Amino acid sequence: MKLFQKEIKLKSYPRGYHLITDVIENQFPEFKQVHQGVLQIFIKHTSAGLTINENADPTVRKDFETFVDELVPESYPRFIHTYEGPDDMPAHLKSSFLGNSLQIPITGGKLNLGIWQGIYLCEFRDFGGSRGLVLTAFGV
């Protein structure tokens, strides 16, 4: 059994949905030593999330943002956790809805994603800053 773990810092991204598959593959080449296994990705923040979806057409990312912003509007009048700004509590809810970790199969030293799948950083804050990820690959 092989086990590799690394923490990386992502650059600061603006609010939106950003493909980070290449960043993960480039900053964590150790996963390529796993023939069969799993890559777990965990984001160490409560106002951003992770998901896997369409990696080709950028309108998918825009539609994600539009829908999720309408689902959890910043103008919701009953939020009481507002002292970090109007985007803070909605960001916490969006993070919980989409999640903070992913598990991706590794097959033959490669991420076994579908042909149109990519890993997204879901940035829910206007000024979220750099985001930390814990990457763990394990298998044989």
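1. Ground rules. This is a predicted model, in which local features need pLDDT of at least 70 and side-chain atom pairs count only at pLDDT 80 or more, while totals for chains, interfaces and linings use all residues. Residues are numbered from 1 along each chain as its sequence is written, and side-chain values use heavy atoms, with hydrogens and water left out.

2. The sheet. Five strands make up an open sheet, in the order β1-β8-β3-β5-β6, with antiparallel pairing. The edges are held by β1 (2–10) and β6 (110–111), each with a single partner strand, so one side of each has no neighbour in the sheet. Strands here are DSSP runs of E, at least two residues long, and helices are runs of H or I of at least four, numbered from the N terminus; two strands pair if DSSP finds at least two bridges between them.

3. β1 and β8 (residues 131–139) run antiparallel and are joined by nine bridges. Within this pair, K2 stands opposite G139 in β8.

4. D88. You will find D88 in helix α3 (residues 88–98). D88 counts as buried because its relative accessibility is 1%; buried means under 20% relative accessible area, exposed over 50%, and partly exposed in between, with a 1.4 Å probe and protein chains only. The D88 side chain makes polar contacts with the side chains of H81 (2.6 Å) and R125 (3.0 Å). A polar contact is a pair of N or O atoms within 3.5 Å; within protein, one must be able to donate a hydrogen and the other to accept it, and residues adjacent in sequence count only if both atoms are side-chain atoms.

5. A48. This residue sits in strand β4 (residues 48–54) and counts as buried because its relative accessibility is 0%. Leaving aside residues up to four places away in sequence, A48 touches I43, S95, L121, C122, E123, F124 and R131, where contact means heavy atoms within 4.5 Å.

6. The lining of the largest cavity. Which residues line the largest cavity? They are R15, G16, Y17, E65, D69, K94, E123 and F124; lining residues have an atom within 4 Å of a cavity point, and a cavity is a set of points on a 1 Å grid over the protein atoms alone where a 1.4 Å probe fits but cannot get out. β2 (16–19) and α2 (58–71) each supply at least two of the lining residues.

Notes:
1 Å grid on protein atoms, 1.4 Å probe; cavity = no way out; pocket = protein on both sides within 12 Å on 5 of 7 lines; lining within 4 Å.
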